[in-house]
Amino acid sequence: MGREQQAAPLYRQALAAGLAGQLRRRATIQLASTLRNLGQADESIALLTAEQQAGSDELDDAVTAFLALSLVDTGREREAVALALTALARHLPRYNRSLAGYAGALIQ
């Protein structure tokens, strides 16, 4: 926090060097968060949207959470809430289907 200007090029350099697997995914999430903090939410959204399509692992909800934050910064609050609620619904012992349905209705 507070050193985003220095962090962004380092994340980009690490990714360009060929990080793989979870390290690559973590660096992508961290770069996207840094870009958001630098006022570059559109680029953050592009990175995280691509990351959602790149595969699935235990960091899926982290990708979604940071994407939701970036969406809020671009005025897409309803979409952000829908994403966050959809991610949350997967972890609930009850009401997960109804919550997912309500989340979907937010963006229709």
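At what angle do helix α2 and α3 pack, and how far apart are their axes? In this predicted model, helix α2 (residues 21–37) and α3 pack at an angle of about 160 degrees, and their axes lie 7 Å apart. That makes α2 roughly antiparallel to α3, since angles over 145 degrees count as such. The crossing of the two helices is left-handed.

On the α2 side, the contact is built from Arg-24, Arg-25, Thr-28, Ile-29, Leu-31, Ala-32, Ser-33, Leu-35 and Arg-36. These meet Ala-41, Glu-43, Ser-44, Leu-47, Leu-48 and Glu-51 in α3. Sorted by type, the residues of this contact come out as seven nonpolar, three polar and five charged.

Ser-44 is a handy spot from which to look at this pairing. It sits in helix α3 (residues 41–53) and is buried, with a relative accessible area of 0%. Leaving aside residues up to four places away in sequence, Ser-44 touches Ala-32, Ser-33, Leu-35, Arg-36 and Ser-70.

As for α2 itself, its 17 residues should span 24 Å at 1.5 Å a residue; the end C-alpha atoms are 25 Å apart, so the two values agree. The buried residues of this helix are Arg-25, Ala-27, Thr-28, Ile-29, Leu-31, Ala-32, Ser-33, Thr-34, Leu-35 and Arg-36. After α2 comes Gly-39, which has a positive phi near 85 degrees.

A positive phi also turns up at Tyr-95, where the value is about 70 degrees even though the residue is not a glycine. Tyr-95 is found in the loop between α5 (77–89) and α6 (96–106). With a relative accessible area of 62%, Tyr-95 counts as exposed, whereas Ser-44 is buried.

Stepping back to the whole protein chain, there are six helices and zero strands, and the elements run α-α-α-α-α-α from the N terminus on. Taken along the principal axes, the C-alpha atoms fill a box of roughly 45 × 30 × 20 Å. Buried residues account for 29% of the 108 residues in the chain. Among contacts between residues at least 6 apart in sequence, 47% join residues at least 24 apart.

Notes
Residues numbered from 1 in each chain as written. Predicted model: local features only at pLDDT ≥ 70, side-chain atom pairs only at ≥ 80, totals over all residues. Heavy atoms only, no water. Helix = DSSP H or I, 4+ residues; strand = E, 2+ residues; numbered from the N terminus. Buried < 20%, exposed > 50% of the residue type's maximum accessible area, 1.4 Å probe, protein only. Contact = heavy atoms within 4.5 Å. Axes fitted to C-alpha atoms, helices over the stretch in contact; angles between N-to-C directions. Parallel < 35°, antiparallel > 145°, perpendicular 65-115°, else oblique. Left-handed = near helix turned anticlockwise from the far one by under 90°. Nonpolar A, V, L, I, M, F, W, Y, C, P; charged D, E, K, R; others polar. Expected span 1.5 Å × (residues − 1).
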